[in-house]
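Trainee: Could you walk me through this chain, one question at a time? I would like to learn how to read it.

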Amino acid sequence: FTGILVCKTSEDTPMGNYKQLIRSGSMASVSSRASLVESSMNFNTWLLFIQYACCAGAEATVINGTTRFFMDEFDLPLASAAAITSIVGFTSIFASVGGICSDKANKEFGVKGRLWAQLLLNVLTGICIICFALMRTLWAAALLLGVFACFCLAAEGTTFAIIPHRSEEHTSE
């Protein structure tokens, strides 16, 4: 249902929908293969790929390791440790918050604002995970895990907000 809703109510690019842009002559029709080849040759595509891999990689690593961390560090049973680790999944809504922050930064400072929002959220993510590893009380570790997850997911959302702007000759506002 959500997928259908998004397809019916959102636009494909910052300029509008592909089919309408092609019909109006504002955009040339390009095959999927040609688009893939051209995108893979764009340096900005690879920068965003690496940045997103870092965000998603940090999230995956934390999800994989924190249950064992809580079991070993705080002597929790598996079910309790896994319940605390589930905080990371619960914060997925913050990906959209990252997109919203990126949109606001774009409105104020242009695409550079999007990049600064992404940088800030990535730095905050790093600070939180370092502090999380240093925590010696359960409540502080759980709190920092939640804060880390919010920043990490928001940083992922900023990536999605930058993607339409990665190549100005293909997308522009």
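Trainee: How many helices and how many strands does the secondary structure of the chain come to?

Mentor: Helices (H or I, at least four residues) and strands (E, at least two) are DSSP runs, numbered from the N terminus. Read along the sequence, the chain goes α-α-α-α-α-α-α-α-α. The count is 9 helices and 0 strands.

Trainee: Before we go on, what kind of model is this?

Mentor: Residues are numbered from 1 along each chain as its sequence is written, and side-chain values use heavy atoms, with hydrogens and water left out. Local features need pLDDT of at least 70, side-chain atom pairs count only at pLDDT 80 or more, totals for chains, interfaces and linings use all residues, and the model is predicted.

Trainee: What share of the residues in the chain is buried?

Mentor: Let us start with the outline: along its principal axes the C-alpha trace spans about 65 × 35 × 30 Å. Buried means under 20% relative accessible area, exposed over 50%, and partly exposed in between (1.4 Å probe, protein chains only). Of the 173 residues in the chain, the buried share is 35%.

Trainee: Of the contacts with a separation of 6 or more, what percentage joins residues 24 or more positions apart?

Mentor: Contact means heavy atoms within 4.5 Å. With that rule, residues 24 or more positions apart account for 68%.

Trainee: Are H8 and H9 roughly parallel or roughly antiparallel to each other?

Mentor: Axes are lines fitted to C-alpha atoms, for helices over the stretch in contact, and angles run from 0 to 180 degrees between N-to-C directions. H8 and H9 pack at about 155°, with their axes 8 Å apart. Angles under 35 degrees count as roughly parallel, over 145 as roughly antiparallel, 65 to 115 as roughly perpendicular and the rest as oblique. H8 and H9 are therefore roughly antiparallel.

Trainee: How do the residues of the contact of H8 with H9 divide?

Mentor: Ala, Val, Leu, Ile, Met, Phe, Trp, Tyr, Cys and Pro count as nonpolar, Asp, Glu, Lys and Arg as charged, and the others, Gly among them, as polar. The division in this contact is 19 nonpolar, 5 polar and 1 charged.

Trainee: Is the crossing of H7 and H9 left-handed or right-handed?

Mentor: The axes of helix H7 (residues 94–109) and helix H9 (residues 138–162) come within 6 Å and cross at roughly 55°, so H7 and H9 are oblique to each other. A crossing is left-handed if the near helix is turned anticlockwise from the far one by less than a right angle, and right-handed if clockwise. For H7 and H9 the crossing is right-handed.

Trainee: Which residues does Thr158 contact, leaving aside its neighbours within four places in sequence?

Mentor: Thr158 lies in helix H9. With a relative accessible area of 0%, Thr158 is buried. Its contacts are Gly98, Gly99, Ser102, Ala117, Gln118 and Leu121.

Trainee: Is Thr91 buried or exposed?

Mentor: Thr91 sits in the loop between helix H6 (87–90) and H7. Apart from neighbours within four places in sequence, Thr91 is in contact with Gly146, Ala149, Cys150 and Leu153. Its relative accessibility is 5%, so Thr91 counts as buried.

Trainee: How far apart are the C-alpha atoms of Ala82 and Met71?

Mentor: Ala82 is in helix H5 and, at 34% relative accessibility, counts as partly exposed. Ala82 and Met71 are 11 residues apart along the chain, and their C-alpha atoms are separated by 8.9 Å.
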